[in-house]
Amino acid sequence: MGKRTMALIGIRTDGRKMLQVAEFLTKFDEVVYTVFVSGGYDIMIEVFCKDHEDLLRFMTEKLAKVDGVRETESFIYLKIAKEVYF
């Protein structure tokens, strides 16, 4: 796969554009998981990137340019302690 950096990104949107933002995000190759959430964010995405530089490029050249995205906060995975799929 060649991608070693994983991150969870919380996204605050213009509420009127939340569905369109999520639909657009699913088209990015880096995005492997997209979910609507309650609380401080509207959408959470999980991304796989080649390295930290590639993650920065994704956040500044792709994510930040999506119409309707107001704010983001990224959480880079340091180590996965447990991973279960149903």
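These legends go with a few close-up views of a predicted model.

**View 1. The largest pocket and what lines it.** Start with the open space: the largest pocket holds about 150 Å³. Around it sit Met 6, Val 32, Tyr 33, Glu 46, Phe 48, Ile 80, Glu 83 and Tyr 85. Strand 2 (31–36) and strand 3 (43–49) are the elements that each give two or more residues to this lining. By residue class, the lining comes out as 6 nonpolar and 2 charged, with no polar residues.

**View 2. Strand 3, buried on both faces.** Zoom in on strand 3 and you'll find it mostly covered, with 7 of its 7 residues buried. Ile 43, Ile 45, Val 47 and Cys 49 point one way, while Met 44, Glu 46 and Phe 48 point the other. Glu 46 and Phe 48 also turn up in the lining of the largest pocket.

**View 3. Strand 3 alongside strand 1.** Here strand 1 (residues 5–13) pairs with strand 3 in the antiparallel sense, over 7 bridges. For a landmark, look for Gly 10, which stands opposite Met 44 in strand 3. Met 44 itself is one of the buried residues of strand 3.

**View 4. The hairpin of strand 2 and strand 3.** Strand 2 and strand 3 are also an antiparallel pair, joined over 5 bridges. Val 31 has Val 47 of strand 3 as its bridge partner. Between the two strands of the hairpin are 6 residues, and in this hairpin Gly 39 takes a positive phi near 105°.

Key:
Residues numbered from 1 in each chain as written. Predicted model: local features only at pLDDT ≥ 70, side-chain atom pairs only at ≥ 80, totals over all residues. Heavy atoms only, no water. 1 Å grid on protein atoms, 1.4 Å probe; cavity = no way out; pocket = protein on both sides within 12 Å on 5 of 7 lines; lining within 4 Å. Points joined across faces, edges and corners; volume = space filled by probe spheres on them. Helix = DSSP H or I, 4+ residues; strand = E, 2+ residues; numbered from the N terminus. Nonpolar A, V, L, I, M, F, W, Y, C, P; charged D, E, K, R; others polar. Buried < 20%, exposed > 50% of the residue type's maximum accessible area, 1.4 Å probe, protein only. Pairing = 2+ DSSP bridges.
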